[in-house]
Each structure stands twice: as C-alpha cells, then as structure tokens.
Amino acid sequence: MPHWQELQPLPAPWQRRDERILPLWWDRLCSVTSPQSAALYAAGLFTDDRRRPIAQWYNPEADAALLVAPETSPEWPVQRFGIFYAPPAGGFTRVYSAPHEWHPREPRTPPTEQEAFLAAVAEAARFLQVEMDFV
C-alpha cells in the first residue's frame, strides 16, 4: 500500500458499532425517498438486518454515520459491498468507490468475501479521514 494510503487512527468522535444497523439509516433514507422505495434499496438492507458482515461507524456529536454492508440481492451471482454515508447535516448518500465484489459460487477464488469486505472497510476508513478534513 502506498504511504499516502496508509490508514491513520480514526478521528476521536467516530465509534465503531457493528452489532446491528443503526435506526438512523432508515430515517435518513426515508428523508430522501419514500418508505416503499427505502424498503427496496440495496436489496432490503435497511429493513431486514440479516445480511453480514457489516462495519459501521457513528459520530454522536455530529449525528453522522458510515456503513459498509452487502448491497446486492443474495441470489445475484456477483455480490458487492457498498459504502453508505449519512452526513452531519442530514441526508443519505452512497459513496462511490472501487467495486468490492466476490463470487459466492466460487468461495475460494480471490477476491473472497472476507477480502472484499476488508478492502471496503479500509476504503471506508480512508473516506472518514478525508471527510473529517471538511467537517
């Protein structure tokens, strides 16, 4: 990894919370779309907390959050982790990044699910570092 991409410690107000998807995600998504559309977004990720693994950070001071989670339907032949951001001012956005994909029908062929997940988590952590420069 190039020196400029090395991970730095996360800014102090950001706390890792992976136990369950925060209710904040549903509220934020519904604020920018209808509840019906929100229920279908990212293969139902925000209505059915069943898909793992996830990585999630929350900043209680700013009421902001960042999430890494599977965003494709389980039956798709290629699975992908998405990075989602709920900024301090409100709203909801998908962070566009390199595709963090794996093929469940070929579980030992790189990138594996774990490799794709770790790459998405590393990219999300870099996003937080950059975002904190602007907040």
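**Loops, sheet and cores in a predicted model**

At 22% relative accessibility, alanine 43 counts as partly exposed; that label covers the range between buried (under 20% relative accessible area) and exposed (over 50%), worked out with a 1.4 Å probe on protein chains only. The model is a predicted one, so to speak of local features a pLDDT of at least 70 is needed, side-chain atom pairs count only at pLDDT 80 or more, and totals for chains, interfaces and linings use all residues. Residues are numbered from 1 along each chain as its sequence is written, and side-chain values use heavy atoms, with hydrogens and water left out.

Confidence comes next. pLDDT is the predictor's confidence in each residue, on a scale from 0 to 100. The protein chain averages 86, with 87% of the residues scoring at least 70. Residues 1–6 are another matter: their pLDDT is below 50, and beyond near neighbours in sequence this stretch has three contacts in the model, a contact being heavy atoms within 4.5 Å. Where pLDDT is low, the predicted coordinates should not be read in detail.

Now for the fold. Helices (H or I, at least four residues) and strands (E, at least two) are DSSP runs, numbered from the N terminus. Five strands form an open sheet in the order E1-E2-E3-E4-E5, with antiparallel pairing; two strands pair if DSSP finds at least two bridges between them. E1 (15–16) and E5 (93–102) stand at the edges with a single partner strand each, so one side of each has no neighbour in the sheet. Helix H1 (residues 23–32) packs on the sheet, where H1 touches E2 (55–59), E3 and E4, and its direction makes about 80° with that of E4. That angle is taken between N-to-C directions, on a scale from 0 to 180 degrees, using lines fitted to C-alpha atoms, for helices over the stretch in contact.

Isoleucine 83 in turn stands opposite valine 95 in E5. Seven of the eight residues of E4 are buried, so this strand is largely enclosed by the rest of the structure.

The side chain of glutamate 71 makes a polar contact with that of arginine 94 at 2.6 Å. Such a contact is a pair of N or O atoms within 3.5 Å; within protein, one must be able to donate a hydrogen and the other to accept it, and residues adjacent in sequence count only if both atoms are side-chain atoms. Leaving aside neighbours within four places in sequence, glutamate 71 is in contact with residues including Ala43, Arg51, Phe84 and Arg94. Serine 73 is found in that E3–E4 loop as well and is buried, at 18%. With neighbours within four places left out, serine 73 is in contact with Ala43, Arg51 and Gln79.

A few backbone details stand out. Most residues other than glycine have a negative phi, and most peptide bonds are trans. Alanine 43, in the loop between H2 (35–40) and E2, has a positive phi near 60°. Aspartate 63, in the loop between E2 and E3, has a positive phi of about 50° and is partly exposed, with a relative accessible area of 35%. In the hairpin of E4 and E5, with six residues between the strands, glycine 90 takes a positive phi near 105°. A cis peptide bond joins proline 110 and proline 111, with omega about -5°; proline 111 is in the loop between E5 and H3 (113–134).

Finally, the interior. A nonpolar core is a set of buried Ala, Val, Leu, Ile, Met, Phe, Trp, Tyr and Cys residues joined through side-chain atoms within 4.5 Å. The largest has 18 residues, of which Trp57, Leu66, Val68 and Phe81 touch the most other members. Two or more residues come from each of E2, E3, E4, E5 and H3, and H3 gives the most, with six. A second, separate core of 17 residues includes Leu22, Trp25, Phe46 and Ile54.
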